[in-house]
Amino acid sequence: DPVWASFITHLVGTLAALGMLMLLRQSKNEEKTQAPLWSYAGGVLGAGTVILANITFNSTLGISGSIVLMLLGQTLFSILIDHFGWMGVAKRTIYPVEYLQVALICLGSGVLVFCAK
């Protein structure tokens, strides 16, 4: 079951991270700082990604289609982060060649997902 496999994987990772955190806190006596709230989203999004990957790998979409759609999503979101300056990143101008690159990635993804059998 994809959900059970994802749960076990993330449970082991969480326990390992907590163990490492406890060891680091004992060895360092530094001032404690609080992480921004959005920094915790990586775990939730990572778990969701693993669940969706497990489900789509065994569907008609297959491994290639799943990977290409994940990479497309990451590329588009990174451009949005750069353009709007989200998460404390400095805003930067998105150049026309980058729009062309995204269009080509979308085209290639579409061909792979809809035309490959």
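**Exercise 1. How many aromatic pairs does the count come to, by the rule that ring centres of Phe, Tyr and Trp (its six-membered ring) lie within 6.5 Å?**

Solution. The model is predicted, so local features need pLDDT of at least 70 and side-chain atom pairs count only at pLDDT 80 or more, while totals for chains, interfaces and linings use all residues. Residues are numbered from 1 along each chain as its sequence is written, and side-chain values use heavy atoms, with hydrogens and water left out. By the rule, the count comes to three aromatic pairs.

**Exercise 2. Classify the pair formed by Trp4 and Phe7.**

Solution. Planes under 30 degrees apart count as stacked, over 60 as edge-to-face and the rest as tilted. The ring centres of Trp4 and Phe7 are 5.6 Å apart with the planes at 25°, so this pair is stacked. With relative accessibility described as buried under 20%, exposed over 50% and partly exposed in between (1.4 Å probe, protein chains only), Trp4 at 53% is exposed, whereas Phe7 at 46% is partly exposed.

**Exercise 3. Classify the pair formed by Phe77 and Trp86, and name their cluster.**

Solution. Phe77 and Trp86 lie 5.9 Å centre to centre with 45° between the planes, and the pair is tilted. Phe77 is partly exposed at 39%, and Trp86 is partly exposed at 35%. Together with Phe84, these two residues form one aromatic cluster.

**Exercise 4. How many disulfides does the structure hold?**

Solution. A disulfide requires a pair of cysteine sulfur atoms within 2.5 Å. The sulfur of Cys106 is 15 Å from the closest cysteine sulfur, in Cys115, which is too far for a bond. The structure therefore holds zero disulfides.
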